[in-house]
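Please look through the structure below before reading the briefing. The points are grouped by topic.

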Amino acid sequence: MSSHLSGELYEEYSELIPPLIYTILSCYTRFYHIGKANSVVWDEAHFGKFGSYYLKRSFYFDVHPPLGKILVGLAGWLSGYDGNYDFPSGSAYPPEVPYIPMRVMLAMFGAAMVPLAWFTSVELHLSKKACHLVTLMTLCDLAWICISRFILLDSMLLFFTFTTVFCMTKWNNQQWRPFSFDWWLWLGMTGWSIGCVVSVKWVGFFVTALVGAYTIEDLWEKFGDLKMPIRVYIKHWIARGLCLIVLPAIVYMASFKAHFMILNHSGSGDSQMSSLFQANLVGNDFATNPLEIAIGSKVTFKNVGYGGGLLHSHVQTYPVGSLQQQVTCYHYKDDNNNFNLVRPWGHPEYNPNEDLEFLKDGSVIRFQHASTMRNLHAHMVAAPVTKENWEISGYGNATTGDHNDLWQLEVVDDIILGNKKNLKDRIRSLTTRIRFRHLTMGCYMRAANAVLPPWGFKQVEVSCDKENNPKDQHTWWNVESHWNDRLPSGNQKLYKSPFLSDFWHLNVAMMTSNNALVPDPDKEDILASTPSEWPWLHTGLRMCGWGDDQIKFYLLGHPLIWWGGTLSLILSLFILAVYMLRMQRHYVDWKAGEWDHFLYVGKVAFFGWFFHYVPFLIMGRVTYLHHYLPTLYFAVIMLGHFFDHFVFSARRLSENVKTGVFIFTYAVIVGVWWWFKDIAIVSAFLNLFGTRRNSASGLPVQLIRIKIHESSIGYH
Amino acid sequence: MASEFRARGAKQASPPATLPPPQYQSRYPPRDHHLDADERKALAQPGSLKQSQHAFGGLRLASSEWKLLAGIVVLALCVRLYHLGWPASVVFDEVHFGKFAGKYIHGRYYVDVHPPLAKLLITFMAVLGGFNGEFDFKEIGLPYPSDVPYVLMRSLPALMGVGVVPLAYLTLRGLDCRPATALLGSLFITFENGLITQSRLILLDSPLIFFTALTVFCWVGFSNENHQEPFTEDWWLWLALTGLSLGAVASCKWVGLFTIATIGVATMKQLWDLLGDLKVPPRVWMKHFLARALCLIVLPITVYMAVFEIHFMVLQNSGDGDGFMSAQFQQSLKGKGMHDTWADISLGSEITLRHVNTQGGYLHSHEHNYPTGSNQQQITLYPHKDGNNNWRILAGHSEGQPDHDFATEPIKWVSNLMSIRFEHISTKRRLHSHDVRPPVSDVDFQNEVSAYGFPGFVGDANDNWIVEIEYGDSHDKHSSGRLRTLGTVFRLRHALQGCYLFSHKVKLPEWGFEQQEVTCNKNAVKANSLWYIETNEHPQLGENDEKVNYRRPSFLSRFLELNHVMWTTNAGLTDRHAFDSRPESWLTLKRGINFWVRDHRHVYLIGNPVIWWLSTAAVVTYLLARGLLVLRAKRQYKDLNNSFIVKYDQICGFLTIGWFIHYFPFFIMSRQLFLHHYFPALYFAILLTAAIFDLATSSFKPKIRLQVAGVLIVAAVWTWWHFSPLTYAGEWTRGKCDAAKWRKTWDFSW
């Protein structure tokens with residue numbers, strides 16, 4: 001009886017032995033000597049710093065969604081880090097920064113990829129041997145190891161990408177009993193996982209696209225199922241809508257809610273947000289600015305549109321159009337954002353002793369740029385980027401100017417008082433929203449998300465829109481900072497900035513900044529690489545300084561895995577063509593269900609890869625090798641699938657051949673990993689690389705050079 | 001685990017014997033299966049067309065129909081040729097295409113974004129009319145002098161526009177539509193104001209549409225032959241004609257590539273069906289495949305290249321297109337050739353230095369200073385030959401430079417990593433760089449480059465440049481070790497700043513005469529920091545020393561280079577135009593193009609709204625119907641077993657794919673687009689309208705069908721008449737003009 005029981009127990013748990021062993025190995029590769037390099041490596045300079053902000057609770061701005069960085073902050077908090085180190089790139093960690101526990105906690109996400117790869121392969125019904133290979137490749141890829149060992153977001157991004165694929169395959173296997181508990185569980189888990197991956201980096205949308213494509217195909221097949229009642233079919237739609245759209249959206253928004261709740265102090269990122277949001281931060285003094293605006297005030301103007309910045313001008317001139325001084329929209333606070341409000345030409349000059357003249361709806365004024373004394377000016381010259389609008393420039397000085405310098409204020413409304421009638425002919429800072437109408441041409445000052453070329457420092461273009469669209473928030477402005485010695489400081493009752501509006505505002509700002517990360521065509525960036533270089537591992541990435549006595553890390557994939565994965569993807573198209581041609585020719589190669597399963601695994605791998613890769617080809621922004629790391633997973637699955645299809649499950653091969661191929665492949669992957677392991681784990685090889693693109697011979701030579709030099713080094 | 005049931009069937013060339021033999025659908029359903037009742041009746045009558053099974057190209061036209069067709073052509077001639085000489089001045093893009101005819105006549109090289117065939121045809125007409133090429137078509141509205149045969153030049157597009165009409169008729173008949181349908185379709189083409197306007201002027205679109213229509217017609221004929229019997233003489237003829245016509249359409253405008261794609265898709269469908277037909281042995285299938293590859297790939301490419309060969313043969317002289325081409329290419333033009341120059345570069349050589357990656361030209365300096373930065377003398381790239389492009393190579397000593405007499409000193413070759421200086425011959429200043437930002441590219445990794453020095457000043461270390469040889473010419477073995485004229489491509493690294501001499505397609509403002517900016521770049525992109533020496537003289541080199549020159553490029557390399565230049569120029573046409581439009585606005589005919597205005601008369605390109613909107617409605621109808629069919633098929637309805645539905649699905653599907661392929665790619669193009677880019681797609685949409693008419697009236701009696709067609713034709717002709725003053729620049733009252741603005745966005749009356 002007992003032996004029977006233990007046999008059953010063994011049956012049940014023996015399946016867990018391989019993943020257990022792989023997990024232990026995975027921890028070993030991810031944690032071994034993790035603190036050896038005691039300096040700030042690669043983007044730890046960013047993400048470590050962002051984590052610190054959560055501990056200091058000061059508001060910052062970054063192009064990535066907050067979840068990953070909140071987790072960095074959490075890791076810091078759990079390790080007892082106080083948040084007072086600002087992670088200068090390349091410098092050594094001081095003793096009070098617990099960078100080792102932080103790295104270990106984040107590396108756990110990287111370590112968990114390996115068991116996930118195992119269980120996903122099992123769910124994909126790969127043969128045992130193929131499961132082993134996929135897991136081994138996940139364990140041994142050098143780039144995955146290397147990127148997991150630092151305070152970066154990539155390990156989390158990879159982890160959630162893996163969980164999404166895992167949950168999706170798990171759910172797929174529950175499809176035979178829809179609406180069961182397990183079915184709901186894994187559907188919900190898929191949605192949750194999508195929410196997380198998207199909240200770490202927007203790259204997570206690509207794996208979301210894979211799930212979306214799978215779902216659409218699934219619903220389409222169900223549409224053709226005549227036995228399914230229409231009510232059940234509708235229920236399928238609703239379940240997916242709830243779990244795959246609503247749930248991820250909630251997770252994504254919750255991460256932003258947490259972001260806003262934690263970061264309630266004024267900080268470096270304030271200016272990306274609306275004036276009202278900033279006023280609500282601890283340490284911000286907007287609310288104590290004088291309340292009502294008068295002639296003689298010095299102010300800054302904030303664009304109300306999502307992602308809007310501050311009206312700005314600087315001494316540099318437009319190289320095109322009028323060649324006058326540039327006027328832009330800019331997010332950083334400096335004195336070049338300050339404008340004096342003065343009377344139009346021909347009216348008496350402002351005298352500090354006269355009666356205060358408050359501004360109201362319909363006032364005509366001149367904006368004088370405080371540091372250059374130029375007047376904000378518009379004329380019939382096409383704007384540099386948005387050609388259909390007129391250009392706005394800085395022109396003249398305190399005494400010279402013309403009627404093109406005059407602007408009429410049109411009040412839209414007030415956030416607190418509502419309708420502009422309630423303002424009683426005054427304009428309030430922060431809450432009153434105004435439009436600026438050019439007096440002679442009738443156009444409206446507008447700053448949308450058109451970015452100026454490098455000569456304009458990639459700031460946002462300000463132009464004068466000929467079309468009057470009263471609803472266009474990009475033509476709305478509010479006064480943000482306000483200085484006027486003659487007015488009492490205000491004590492405005494603050495209106496809470498609504499969460500949804502802040503959420504959109506921040507997302508638009510992230511999108512705009514992300515799109516502005518375009519490479520300069522004249523500048524050779526030795527860290528950047530183009531997507532076409534990735535599949536063949538044409539180039540690696542130096543992750544730290546390259547001094548002679550430094551521990552160095554070189555982000556480089558496991559060549560066999562990368563090349564093999566790419567080959568298998570190309571082969572998959574070829575094989576598909578061959579099989580389809582044979583089918584059209586009425587050959588019968590498959591038993592029932594086999595073809596569908598072959599296609600299913602192939603589609604997950606191919607479209608997963610495709611959705612993660614192709615967007616980078618179209619993207620204008622600068623790309624780096626580590627952008628390929630989530631993509632690589634699907635290449636690995638495809639490679640495993642092909643080994644399975646052509647070797648391990650092939651009928652014509654004997655068991656001995658299969659075992660032989662398996663052992664050989666396994667050994668080669670491990671061997672190559674061993675050969676290169678030091679570039680990812682702890683490497684200290686000396687000065688090896690010349691300028692990257694100098695060696696026309698490319699990667700293989702580089703690899704050999706790594707090994708030659710490495711043999712002569714000890715650890716530092 | 002899955003592996004248990006993963007066993008795949010062994011290789012099986014045929015289905016296992018246990019299965020019942022599969023029901024192979026016969027390759028071609030019986031030909032009259034789709035016919036409706038009255039047609040079957042007609043067929044059963046004596047003297048019907050049934051006997052002539054092997055009609056040429058599947059066209060079964062009774063003799064009365066040929067007379068009808070002749071009548072339509074006469075009508076089209078009247079509509080297209082009426083008052084062709086008016087306006088008697090340059091209209092819209094006649095500015096370009098008229099001018100190009102002049103360039104062909106003088107043989108002066110020019111560069112345009114379109115392939116040459118249509119322009120060569122226009123030139124042919126101009127030559128027939130005795131055009132001497134002197135008139136320059138400078139601007140819209142310029143009156144034609146009496147010696148410019150502009151009417152004859154316009155008659156070529158006009159006649160090709162007429163040609164589209166019978167092609168539409170025959171194509172619809174070839175697609176097995178009824179004569180009434182073909183009549184409707186061809187008259188719609190005839191009275192489409194936009195097509196009329198576009199074909200009455202010296203423009204390329206009319207030839208383009210003609211060849212598109214011809215291609216579709218030939219393809220339909222070929223498909224019919226293929227149905228009847230493959231590999232007959234007629235079959236080969238139609239296939240070859242399709243290929244020739246494809247070559248012609250791509251040689252008019254690159255939009256023709258969409259026609260190639262359309263035929264490509266249709267061919268793949270044909271081959272795929274043939275593959276599934278087990279009565280076609282692999283060997284025969286291969287023959288099918290190779291025949292199509294030969295006629296539809298090789299033949300069009302040959303035509304395309306032949307047209308370019310003619311283009312190069314005609315344009316032998318240097319002209320205003322030189323600047324787009326590489327130096328080797330320019331060498332092949334008369335008047336641009338360079339004399340042989342000495343090969344060995346040494347200290348004291350007087351050289352010109354040329355930038356590799358841009359066509360900006362030669363390193364240049366002139367006696368004007370930068371208004372910014374250091375205020376020293378400007379350095380630019382200048383595309384033309386000029387004495388200010390000449391520099392002397394000196395040794396790069398960091399201090400003190402004795403006077404050299406290069407005529408007597410021993411020759412010292414310039415080798416890799418040597419430090420040298422460049423002295424500007426006419427101003428005696430030296431090429432110089434320093435930690436000052438350049439005038440336009442004001443970024444931290446760029447340094448200004450200037451010419452610096454004064455008499456008696458020996459120079460400083462900021463004048464020194466290190467030669468870094470990048471690659472040599474494989475035909476010249478010395479060129480990778482030391483500088484050789486034309487052979488060596490190298491970079492110049494500034495000795496102190498470590499930056500590279502660099503230039504890019506950025507123009508200096510007016511003070512720099514809009515010449516190209518030269519900088520010294522610390523993170524230089526390699527391609528833009530490569531230079532080579534084009535000419536070289538040295539006092540000690542005489543007639544007996546080795547000389548070099550550009551190698552004359554082969555036809556293939558010139559052909560490829562020109563196509564590359566056309567591509568980049570085309571992609572660079574991104575500026576907005578006052579009358580440009582985006583593809584989504586074409587479907588609803590949102591706005592036309594102002595071609596010509598004078599004395600209150602107007603040529604305004606706008607379609608015939610009735611025809612235009614009907615055609616869009618036809619596309620939408622088919623897409624909706626096809627979508628419904630897909631949904632129904634998924635729900636296991638057997639609509640597609642009905643040969644009537646299948647017939648019309650095939651006709652409409654082919655035309656809709658043609659429409660789609662000629663329309664959709666414009667969405668992903670960022671270049672400036674115009675309404676007339678929709679015309680090839682419009683042709684497909686109009687044929688589709690006719691096909692849908694055929695489907696909708698198939699249950700009608702012939703007389704009623706003819707009456708319905710009549711009503712539609714009358715509506716189209718009335719609208720054509722209504723808008724004809726815009727098409728023919730006729731007289732119009734202000735009121736009528738305002739009343740004709742059916743949509744607010746039509747901006748022809750101001």
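Contact means that heavy atoms lie within 4.5 Å. The model is predicted, so to speak of local features a pLDDT of at least 70 is needed, side-chain atom pairs count only at pLDDT 80 or more, and totals for chains, interfaces and linings use all residues. Residues are numbered from 1 along each chain as its sequence is written, chains are lettered from A in the order in which they are written, and side-chain values use heavy atoms, without hydrogens and water.

**Chain B as a whole**

- Chain B has 18 helices and 16 strands; these are DSSP runs numbered from the N terminus, with helices being H or I of at least four residues and strands E of at least two.
- Along the principal axes, the C-alpha atoms of chain B fill a box of roughly 110 × 85 × 50 Å.
- Of its 750 residues, 54% count as buried, where buried means under 20% relative accessible area, exposed over 50%, and partly exposed in between (1.4 Å probe, protein chains only).
- Of the contacts in chain B between residues at least 6 apart in sequence, 74% join residues at least 24 apart.

**Nonpolar cores**

- A nonpolar core is a set of buried Ala, Val, Leu, Ile, Met, Phe, Trp, Tyr and Cys residues joined through side-chain atoms within 4.5 Å.
- The largest one has 148 residues, and Y109(B), F137(B), F595(B), L655(B) and Y678(B) touch the most other members.
- Helix α16 of chain B (residues 679-696) gives the most to this core, with 13 residues.
- A second, separate core of 141 residues includes Y85(A), Y93(A), V197(A) and V601(A).
- Beyond its neighbours within four places in sequence, F137(B) is in contact with residues including V90(B), F131(B), Y144(B), M153(B) and I202(B).

**A buried glycine**

- G276(B) sits in helix α10 (residues 256-276) of chain B.
- G276(B) counts as buried because its relative accessible area is 18%.
- Leaving aside neighbours within four places in sequence, G276(B) is in contact with Q584(A) and H586(A).

**Annotated spans in chain A**

- An unreviewed UniProt entry places the feature "transmembrane region" at several spans of chain A, including residues 560-579 and 660-676; such annotations may be inferred rather than shown by experiment.
- Residues 560-579 of chain A are 100% helix and 0% strand, with end C-alpha atoms 27 Å apart.
- Residues 660-676 of chain A are also 100% helix and 0% strand, with end C-alpha atoms 24 Å apart.

**An exposed isoleucine**

- I245(A) lies in helix α11 (residues 230-262) of chain A.
- I245(A) counts as exposed because its relative accessibility is 59%.
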